[in-house]
Amino acid sequence: MQGIKLLLKGLIIVAIAMLAVSLLLPVILWLFSAEFMNEDLAYNNRARVHWLPANKSLSYQFAANRTRELRVLSNAIVESNISDEKPLHYAIKYQLLDSSNRTLHQGVYHHSAKIQRDENQHFLKLVMDEKQTFGAASGQSFYLNQTQFSSATKLLLEFVPENKDFIGLVVRVHAKTPHFDEDPNKVWLQQPQSWRQRVASFHSLGGDALSSQEKYNASAFHWLKLAPIGIPNIDFTSDLLYETLPRAIAPYEEPEALKTTTGYYIDTKLSLSFSVSAPQTNFLINLTEPNEQLSFVWHDPDSQLSPRALTAQRINELQYVLKSPPLGLVTIHSQAANYLSIIEEQTKQQPITVLHSQYYQVDAQSSAEFSVVSGSDIELDWRAEEGVRIKLAFYSSETPRDATQFTTASTLSNYDRLVPSQATPPTQVEEPQKRYITVPRGINRAIVSAENALVKLRSRHRSFHYLQTLCTIPCPETSEINAWFSQYADNHHLLAAQDKLAIVRLFKAPLPATEQRRFQSVDLDNMLAISNTALLPLNELAAKTEQRPFAFRKVSAIDAKVLKPQQTYPSKTIVVKNQPPYIQQFEETVPEQFSQPNIEAIYINQGLPRTHIQTRLYKIDANKRYRISLPKKLAPTAVVIKTLAQSANLPITLKTKLNVELAQQPSTDYTLTNKIVRLNSDQQQSVVFFTPKTPKLFMYPSVTLTVQDDVKQTLSVELEASHSVWISVLTDAADETEQLIWWTEDV
């Protein structure tokens with residue numbers, strides 16, 4: 001009996017001990033697995049994820065009859081100590097297979113990414129089961145549409161790293177699947193509440209204003225998450241890391257070499273330039289090293305006046321101030337190497353517009369390959385030493401069709417510089433040379449090769465418009481459409497892996513001095529029915545020399561009364577009053593009966609300087625296209641369109657088209673024939689208009705259509721304005737006639 005009691009007592013003690021061990025064991029294991037606390041711990045999401053290494057592939061099954069699109073979203077996994085400024089290049093090779101595992105379609109998508117930070121600028125990290133910490137790159141994605149997998153049942157993905165820093169790739173595949181339920185309210189209510197609120201917020205009247213059809217359209221499809229075949233324990237609900245990895249596209253933007261913290265480099269061979277766009281502006285020039293050998297030169301933006309030296313006031317050894325330079329371009333030259341930065345004293349803004357141009361370095365071992373479109377125009381741009389031969393070869397798929405060769409003429413640039421990959425000063429680079437060619441019919445590839453050159457390719461279609469904004473005062477921030485678009489080479493990532501991408505930092509160089517051209521107005525009497533005359537301002541140079549009968553200057557009433565007769569042409573006086581009749585013209589002097597308070601201005605056609613010129617304006621109606629024929633004997637290098645309107649705050653849009661006969665290609669110049677221009681006016685810029693009801697018109701910026709050497713003959717100009725305006729069309733004709741001649745400051 002005593003033995004039984006001892007046995008029972010022992011069993012109870014063992015049971016209690018086993019229960020205590022079972023309760024304490026997780027706590028003990030948790031304590032032993034604990035890590036030291038650090039500031040980044042709160043920003044780590046721990047989870048089990050599947051990833052795609054470089055030596056394996058992942059496959060996904062889907063129903064082609066229910067899938068409209070496939071979205072492949074990827075995040076690169078890299079070492080956690082990699083620099084966030086370093087570009088990450090990788091590719092995903094995909095195959096679409098049928099039920100018999102036969103390849104129906106395949107391709108490769110290249111991606112560029114960078115290490116991702118969260119809102120608090122902490123690195124997003126992946127913590128694996130082995131307690132290793134890796135960095136997560138920005139999310140990249142591509143789509144496959146139904147035409148590519150109409151009979152496919154499986155998607156095969158393979159990771160192709162283009163950097164040695166990759167550990168693997170986290171891949172998410174979503175299938176766009178339609179809702180077949182016809183009840184829109186039911187489909188709408190099946191969506192999460194947060195999703196419904198986000199969709200309803202796009203409607204200005206709120207969610208209650210959404211119609212049943214709008215609700216159905218918003219929820220007609222959903223993205224179904226696909227799990228890879230053969231990967232167990234994929235839990236889309238509880239796996240937070242799978243959903244919190246960054247989806248936003250955040251590509252590699254700018255290498256560290258392009259960021260300037262100390263300023264821009266300058267020496268005896270490389271100068272700097274910046275534009276002065278506002279009067280009475282002071283500029284602070286900050287140096288990194290003392291330099292007493294800086295010089296400043298002002299250049300006329302119209303290249304009419306000679307450059308002149310400017311004097312900057314020295315504040316201390318490392319700072320100068322340049323006070324109120326004229327509008328135009330200012331260049332800075334130095335006799336010693338230095339870094340400097342320029343700041344507007346009033347706005348604290350940098351006046352230098354930082355522009356970069358990316359080139360491919362081609363040589364005997366590598367060339368740049370581009371996809372081109374038949375019938376489009378391409379611009380081949382190169383920078384190379386003297387005598388280098390550039391070859392442009394056209395292909396139809398893999399079949400060679402045509403080839404053209406160019407020989408370079410080298411001139412080193414004093415402003416553009418080659419941005420180094422290392423922390424070394426920039427170096428001089430050759431001036432760009434360009435050739436323009438129309439892609440022949442049936443061509444879809446172009447290969448550029450050379451012995452040693454920097455090349456790039458841009459493309460456009462001649463019939464495309466480009467959008468530009470012109471202002472008489474500094475323009476507000478507006479979106480514009482460029483005329484040319486740079487192309488990535490088909491082998492861009494291969495050239496990047498070979499370190500054959502070159503970046504050139506661009507600075508505006510002063511234009512050479514040109515003679516002022518004389519413009520002749522086009523007679524539009526037979527084309528436009530309504531016309532009248534106006535007094536328009538002359539530029540400063542023309543005002544000093546112009547002495548023809550239709551040129552006037554503004555004078556006082558006393559000067560007008562002592563007007564002396566001219567021997568070469570009749571004298572004329574124009575009186576502008578503040579009451580009807582607003583405009584009156586007189587021969588010789590102003591009559592005595594005009595009282596001074598009623599007269600706003602008086603203009604006479606004698607003496608110097610002549611500040612205004614009388615010209616004929618023609619009215620065009622809104623949203624109506626006009627074709628203006630140009631005389632065949634003229635070969636203008638520019639067509640200028642002066643635009644005026646009765647109001648100064650009209651958002652005028654002017655569409656123009658040059659109908660031309662092109663010369664033989666390839667050419668060194670290119671004429672943009674189609675242009676859309678938005679015109680913004682300064683309300684203070686008004687002119688005298690010779691009509692009883694409208695004594696004033698407001699000037700808008702002039703539109704210049706430049707005709708380059710690639711045009712053999714300019715046939716006509718087509719115009720269309722968004723509002724009813726008054727225009728004058730001028731050309732820089734070589735011969736002078738008795739028609740109105742107009743000097744213009746806009747060309």
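Student: What should I know before I start?

Tutor: Residues are numbered from 1 along each chain as its sequence is written. The model is predicted, so local features need pLDDT of at least 70, side-chain atom pairs count only at pLDDT 80 or more, totals for chains, interfaces and linings use all residues, and side-chain values use heavy atoms, with hydrogens and water left out.

Student: Is leucine 467 buried or exposed?

Tutor: Buried means under 20% relative accessible area, exposed over 50%, and partly exposed in between (1.4 Å probe, protein chains only). Leucine 467 has 14% relative accessibility, so it counts as buried. It sits in strand S31 (residues 466–471); strands (E, at least two residues) are DSSP runs numbered from the N terminus. Valine 677 is 210 residues away from leucine 467 in sequence, yet their C-alpha atoms are 5.8 Å apart.

Student: Why is strand S3 described as largely enclosed?

Tutor: Because 9 of the 11 residues of S3 (residues 69–79) are buried.

Student: Which strands pair with S3?

Tutor: Two strands pair if DSSP finds at least two bridges between them. S3 pairs antiparallel with S8 (residues 140–145) over 6 bridges, and arginine 71 has tyrosine 143 as its bridge partner there.

Student: What is the strand order in the open sheet of 4 strands?

Tutor: The order is S13-S19-S15-S16, with antiparallel pairing. S13 (272–276) and S16 (308–310) are the edge strands, each pairing on one side only. Within this sheet, S15 (residues 294–299) and S19 (residues 328–334) are joined by 6 bridges, and tryptophan 298 faces valine 330.
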